[in-house]
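Subject: Structure handover

Hello,

Here is the structure for you to look over. My notes follow below it.

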Amino acid sequence: MRILICNDDGIEAPGLARLVNAALGLNDDVWVVAPDGKRTAAGSSLTIAGPLTMRRVKPNWYACSGTPADCVVSAMTWLFADEPKPDLVLSGINDGRNVAEDIAYSGTLGIAREATFWGIPAIGFSRVKNPDFGAADDEWLGKLIASLWQARADWATEGHWLSVNLPTALPAEIRQPRIGRDKIGRTAEVVESAGDRTIITVPRGRAHASEPGDENAAIDAGFVSINRLNWFGETRLDEGFLDGIPRWRQS
C-alpha cells in the first residue's frame with residue numbers, strides 16, 4: 001500500500017508531520033509532496049506551462065514551489081512516472097477547520113479533489129486551531145485512516161472524497177453533519193488610498209457561524225465531522241426548462 005501525503009500549510013507544518021506519523025502506522029511506503037510555503041485557500045489551482053521546482057528534503061519528502069494541487073500532479077507525472085501510483089492520498093492536517101464555503105477554496109480539499117481526477121481514494125484532514133494534543137492522537141488517527149481505507153468501497157466511488165474535521169480533543173465520536181454556511185471574506189480594510197488607486201486587505205479569521213446540525217456545531221460539540229464530497233456537483237435541469245429556451249439556428 002503506497003500513501004501520498006500533501007498539504008497546503010507547507011512542508012514544515014506540524015500537521016503534516018502528525019499525519020505522516022499516523023499513516024506510518026498503516027504502512028512504511030509513505031511519500032510526502034508539499035508546498036515550500038503556506039498556500040492557504042489555493043483551492044484546486046494549478047501551475048500550467050510554468051516551471052515547478054521540486055526539492056528533495058529527505059528520503060520520500062519533496063517540497064514543491066507550486067500550489068497544493070500541483071503537489072498531486074507533480075507526484076503523478078514526475079515522482080511516480082515510472083513507479084506504482086499511490087493507493088491512497090491523504091491531505092493535511094490543516095491548521096484550522098475546513099467547513100461550509102471552505103469546500104470550494106480550501107487547498108487541503110483541493111488536494112483530495114485532484115487525487116480523484118487520477119482515480120485515487122483521498123481524504124482531507126483538518127483540525128481546529130490550538131487543539132489539545134494527546135499522546136495517543138496519532139495512533140487513534142492512524143486507526144481511523146485504516147478503518148476508512150478498509151471501507152473505501154462505500155465512499156470512494158468515482159469523483160468522491162472525504163473531508164474529515166477533527167475537534168479539540170481526541171479520541172472522539174464521529175458524526176456526519178450537514179454542510180453549513182460560514183463565509184470567511186465578509187469585510188475589507190483599506191490600507192492605502194490615493195486617487196484612482198486603493199489597496200485593501202481581507203482580514204483573516206471569522207466568527208464561525210453555526211446552526212444546529214451543521215459542521216461547526218458538531219465540531220464545537222467535540223465530534224469528528226466526516227462528509228463525503230464530489231467534484232462534479234451536477235444538478236440536472238427539468239426538461240421543461242430546456243423546452244422554454246429558444247432554439248437558435250445557425251444561418
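A41 is in contact (heavy atoms within 4.5 Å) with D8, Y105 and G107, leaving aside neighbours within four places in sequence. This is a predicted model: local features need pLDDT of at least 70, side-chain atom pairs count only at pLDDT 80 or more, and totals for chains, interfaces and linings use all residues. Residues are numbered from 1 along each chain as its sequence is written, and side-chain values use heavy atoms, with hydrogens and water left out.

More on A41. The residue sits in the loop between β2 and β3. Helices (H or I, at least four residues) and strands (E, at least two) are DSSP runs, numbered from the N terminus. A41 counts as partly exposed because its relative accessibility is 42%. The cut-offs are under 20% relative accessible area for buried, over 50% for exposed, and partly exposed in between (1.4 Å probe, protein chains only). Phi of A41 is near 60°, a positive value in a residue other than glycine. From A41 to D137 there are 96 residues in sequence and 26 Å in space, C-alpha to C-alpha.

The loop between β2 and β3 also holds A49. Phi of A49 is near 60°, again positive in a residue other than glycine. A49 counts as exposed because its relative accessibility is 86%.

Now the sheet. Nine strands form an open sheet with mixed pairing, in the order β3-β4-β2-β1-β5-β6-β7-β11-β8. Its edge strands are β3 (54-58) and β8, each pairing on one side only. Two strands pair if DSSP finds at least two bridges between them. Strands of a sheet pair through backbone hydrogen bonds, either parallel or antiparallel.

Which way do β3 and β4 run? They run antiparallel, joined by four bridges. R56 stands opposite Y62 in β4. The two strands form a hairpin with two residues between them. In the turn, N60 has a positive phi of about 75°. β2 (residues 30-35) and β4 (residues 61-64) pair in the parallel sense, over four bridges. There, V32 has W61 in β4 as its bridge partner.

Next, β5. V89 is found in this strand. V89 counts as buried because its relative accessible area is 1%. Not counting residues up to four places away in sequence, V89 touches L4, M76, I111, A115, I120, P121, A122 and I123. V89 and I145 are 56 residues apart in sequence and 11 Å apart in space, C-alpha to C-alpha. The peptide bond from G92 to I93 is cis, with omega near -5°. Another cis peptide bond joins L170 and P171, with omega about 0°. P171 is in the loop between β7 and β8.

Two helices to check. α4 (residues 107-117) lies across β1 (3-6), β5, β6, β7 and β11. It runs at about 175° to β6. Axes are lines fitted to C-alpha atoms, for helices over the stretch in contact, and angles run from 0 to 180 degrees between N-to-C directions.

α5 (residues 137-150) has 14 residues. It reaches 20 Å from its first C-alpha to its last, close to the 20 Å expected at 1.5 Å a residue. The expected span is 1.5 Å times one less than the number of residues. Buried residues in α5 are D137, D138, W140, L141, G142, L144, I145, L148 and W149. What covers them includes α1 (14-23), β5 (88-95), β6 (122-127), β7 (160-166), β8 (174-175) and β11 (224-230).

Last, the largest pocket. What is its volume? About 500 Å³. On a 1 Å grid over the protein atoms alone, a pocket is an open set of points where a 1.4 Å probe fits, with protein on both sides within 12 Å along at least five of seven lines. Grid points are joined across faces, edges and corners, and a volume is the space filled by probe spheres set on the points. The largest pocket is lined by 24 residues (an atom within 4 Å of a point). T40, R97, I184, R204 and R206 lie nearest its centre. β5 and α3 (102-105) each supply at least two residues of the lining.

Best wishes
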